[in-house]
Amino acid sequence: MKREARTIKIDRRLTGANIIDEPLQQVIQFSLRDYVQYWYYTLSDDESFLLEIRQTLQNALIQFATRSKEIDWQPYFTTRIVDDFGTHLRVFRKAQQKVTEKDDQVKDGSCLCAGTAEDLVDTFFEVEVEMEKEVCRDLVCTSPKDEEGFLRDLCEVLLYLLLPPGDFQNKIMRYFVREILARGILLPLINQLSDPDYINQYVIWMIRDSNCSYEAFMNIIKLSDNVGELEAVRDKAAEELQYLRSLDTAGDDINTIKNQINSLLFVKKVCDSRIQRLQSGKEINTVKLAANFGKLCTVPLDSILVDNVALQFFMDYMQQTGGQAHLFFWMTVEGYRVTAQQQLEVLLSRQRDGKHQTNQTKGLLRAAAVGIYEQYLSEKASPRVTVDDYLVAKLADTLNHEDPTPEIFDDIQRKVYELMLRDERFYPSFRQNALYVRMLAELDMLKDPSFRGSDDGDGESFNGSPTGSINLSLDDLSSMSSDDSTQLHAYISDTGVCNDHGKTYALYAITVHRRSLNSEEMWKTYRRYSDFHDFHMRITEQMDTFVNPLRNSMRNVSNAVKSLPDSLAEGMTKMSDNMGRMSERLGQDIKQSFFKVPPLIPKADSDAEHCRVSAQLDDNVDDNIPLRVMLLLMDEVFDLKERNQWLRRNIKNLLQQLIRATYGDTINRKIVDHVDWMTSPEQVADSVKRFRDAFWPNGILAETVPCRDKAIRMRTRVAGKTKLLAIMPDELKHIIGAETTRKGILRVFEMFQHNQLNRRMVYVFLEGFLETLFPQYKFRELFNKLHSRSKQMQKYKQKLQTPQAPSLQRR
């Protein structure tokens with residue numbers, strides 16, 4: 001018996017937009033052809049089965065498209081994704097800190113083994129359950145069997161929501177489609193998105209228009225702690241050296257090739273030294289090394305006081321030594337002077353325009369001056385700024401009988417400055433403190449150690465000059481003895497004209513004398529004028545690298561004080577309520593013009609280290625959520641919470657100004673418009689087309705991409721880190737510090753180098769997407785149930801159920 005064939009009509013409409021439906025239908029057709037038809041036709045030639053599958057897939061897509069149109073995707077893309085990424089980064093940072101603490105215990109001899117990549121992954125999921133409290137995704141991300149089971153369960157739930165009841169009740173059909181979705185589509189896609197090498201290639205592709213700088217590349221090499229990366233770069237440099245040495249050239253080309261050979265030799269030498277240090281266990285933190293060896297750059301006190309990065313470390317030191325009152329007094333007076341100058345200029349301008357004069361401004365200035373006096377100089381001040389009594393009495397008399405001027409505190413401020421500069425407790429001791437070394441690192445005035453002498457690293461010394469990198473690249477200088485008794489003297493002893501391959505140029509003979517205690521040596525070398533010019537340009541460039549960051553950073557802080565005269569004083573509101581109220585009223589008009597985006601308002605009862613990033617947002621503040629969440633993300637990337645509150649507030653103010661200067665006052669509108677553009681039919685159609693062309697180029701199933709060998713993957717890692725470091729704007733380094741910027745960027749990059757952690761992030765995004773797509777269903781409870789077999793979750797619950805040890809009685 002043969003069943004009579006019935007006609008099945010297929011409606012090709014899926015989303016309602018033809019530009020999307022056409023490529024989507026092709027994807028369905030190619031999928032059925034390459035994943036179903038090739039084996040089905042060996043069993044039967046009945047087309048009804050294939051048509052039923054096609055109809056089932058189309059029904060699911062129609063339901064999905066209909067549901068998507070009803071959802072406002074802006075909160076998901078502007079807030080939820082950023083929050084999920086920031087929280088993932090926070091968990092990774094805390095896991096790194098815990099592993100580092102374990103490694104420190106290893107060095108102290110209190111543990112047996114050091115941390116590994118597996119330890120980091122395990123610690124990561126321990127921190128995740130502590131932060132999420134209701135869910136942990138360790139099994140899904142580390143066990144392939146549990147991951148496949150999770151995807152099967154999830155696909156079955158989706159089919160229940162998207163398929164007609166009749167299709168869903170057909171178990172054979174349901175299981176068949178479930179396996180195709182889980183193992184044929186979702187799992188390969190998650191594998192690709194979680195592959196660190198794929199992410200590294202994508203990062204390089206995204207910033208392909210940015211050129212890699214030599215400085216960023218060498219910084220990555222010197223900071224790398226991965227022997228595989230260093231070996232891959234070293235082997236590639238050796239390969240290029242062999243090729244260049246085999247070339248037979250003459251003329252100007254030979255000079256170019258020599259320069260390339262010298263550069264490659266230097267790269268190879270740095271890689272070998274770094275590998276040797278890592279393998280021998282002699283890796284030393286640069287900051288710790290600088291604290292024990294060599295000479296450090298000197299940063300004057302007046303430069304420290306006007307640089308927001310340097311000021312943080314000096315402020316921390318002054319608080320440790322009990323001298324914070326002197327520093328806070330200097331800063332408050334500086335803010336008062338700028339505020340008073342601007343307010344008096346406004347008052348004078350109104351008088352010239354014939355407007356009615358009021359005493360409100362003078363009264364506010366007097367209240368501010370009296371507040372400063374009471375807070376820092378009066379007998380009841382605690383702690384009190386210690387200056388000559390006659391200066392304090394003179395100031396008190398002026399406040400009682402005269403109108404305050406911007407210069408009213410100048411004499412005392414000058415004395416306080418001299419005290420901080422000369423007193424051995426303050427600036428002189430600060431220069432010998434570890435905080436000073438950390439400050440130099442943030443100002444990018446602390447370079448890596450240079451290696452001189454033996455190859456095993458025993459002769460290492462710290463090169464504290466801001467141009468240390470150029471010294472490292474000159475073999476002649478790096479091989480010199482570090483003995484101070486050695487003297488070098490060089491002069492031009494003769495000149496002449498040389499002809500080479502038809503070109504004439506000037507040639508200089510340079511006589512060099514080297515004297516030491518026991519020997520004297522002399523030799524001659526020859527240089528062209530172009531060599532002198534190149535050396536001059538390199539020295540000029542290095543000096544700009546040293547001077548400009550500090551100068552630009554000072555200018556940034558100075559402009560911030562002038563534009564926001566109450567910004568410095570505002571940070572002191574906890575110390576003086578009167579001063580805070582005065583600064584708030586004086587700067588109200590200016591703040592309205594600069595701070596149209598409300599500042600970040602953290603919840604008072606939230607623990608920033610044990611909650612999600614978005615938990616720090618105040619529920620009562622709805623405006624400009626996208627920008628505020630982005631600033632919270634920057635806070636997490638660069639770990640600004642480690643800074644003191646005054647600097648953290650000013651950093652956020654400067655970041656807001658920087659973002660606003662780039663995008664204007666409509667930054668939130670631009671973010672929203674970009675999300676609308678991303679979810680528009682044209683962009684969705686383009687994404688479907690790119691997916692189709694990637695999997696089926698020219699309508700033919702793409703071949704499996706061959707595995708890339710380890711050396712290529714390692715060089716890709718180096719290239720990705722170099723690209724990321726090179727695109728960081730100098731303004732950001734001047735605001736939060738060069739070392740903090742590097743650590744933040746490298747932390748984000750390192751986070752993507754672990755497959756299990758990448759899987760966790762993909763699943764978090766997927767869960768957030770489904771919760772947004774089906775808000776009426778309890779997907780959060782479903783995911784908690786699917787992840788309930790987590791081992792870390794079980795440990796956490798047992799820990800909560802274990803009664804805590806009674807606290808010690810207070811004495």
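Select S48: is this residue buried or exposed, or does it fall in between? S48 is partly exposed, because its relative accessible area is 21% and the buried class ends under 20%. Before going on, note that this is a predicted model. S48 belongs to helix α2, which covers residues 48-69. The side chains of S48 and D46 are joined by a polar contact of 3.0 Å.

**Salt bridges**

Next come the charged pairs. A search of the whole structure gives 38 salt bridges. Three of them, picked for this tour, follow.

Select E156 and R174. They form a salt bridge, and their closest N and O atoms are 3.2 Å apart. E156 sits in helix α6 (residues 144-162) and R174 in helix α8 (residues 171-194), so this pair ties together parts that are 18 residues apart in sequence. R174 counts as buried, because its relative accessibility is 7%.

Move to D235 and R234. In this salt bridge the closest N and O atoms are 3.4 Å apart. D235 is partly exposed, with a relative accessible area of 44%. R234 also counts as partly exposed, at 23% relative accessibility.

Then select E239 and K236. Their closest N and O atoms are 3.8 Å apart, and the two residues form a salt bridge. Both lie in helix α11 (residues 227-245); they are 3 residues apart, so about one helical turn separates them. E239 is partly exposed at 46% relative accessibility, and K236 is partly exposed at 29%.

Select R80, D84, E128, E132, R137, R760, E767, E771 and R780: salt bridges link them in a network.

**Nonpolar cores**

Which residues have the most contacts inside the largest nonpolar core? They are F774 and F779, and that core has 77 residues. Select F774 and display its surroundings. Leaving out residues up to four places away in sequence, F774 touches R67, L158, L161, L162 and F779. Another core lies apart from this one; it has 55 residues, including M331, V437, M439 and L446. In soluble globular proteins, nonpolar side chains tend to be buried together.

**Helix α31**

For the last stop, select residues 681-695, which make up helix α31. How far apart should the ends of this helix be? At 1.5 Å a residue, its 15 residues should span 21 Å, because the expected span uses one less than the number of residues. The C-alpha atoms at its ends are 21 Å apart, which agrees. Finally, colour Q683, A685, V688 and R692, the buried residues of α31.

Notes: Residues are numbered from 1 along each chain as its sequence is written. This is a predicted model: local features need pLDDT of at least 70, side-chain atom pairs count only at pLDDT 80 or more; totals for chains, interfaces and linings use all residues. Side-chain values use heavy atoms; hydrogens and water are left out. Helices (H or I, at least four residues) and strands (E, at least two) are DSSP runs, numbered from the N terminus. Buried means under 20% relative accessible area, exposed over 50%, partly exposed in between (1.4 Å probe, protein chains only). A nonpolar core is a set of buried Ala, Val, Leu, Ile, Met, Phe, Trp, Tyr and Cys residues joined through side-chain atoms within 4.5 Å. Contact means heavy atoms within 4.5 Å. A polar contact is a pair of N or O atoms within 3.5 Å; within protein, one must be able to donate a hydrogen and the other to accept it, and residues adjacent in sequence count only if both atoms are side-chain atoms. A salt bridge is a side-chain nitrogen of Lys or Arg within 4 Å of a carboxyl oxygen of Asp or Glu.
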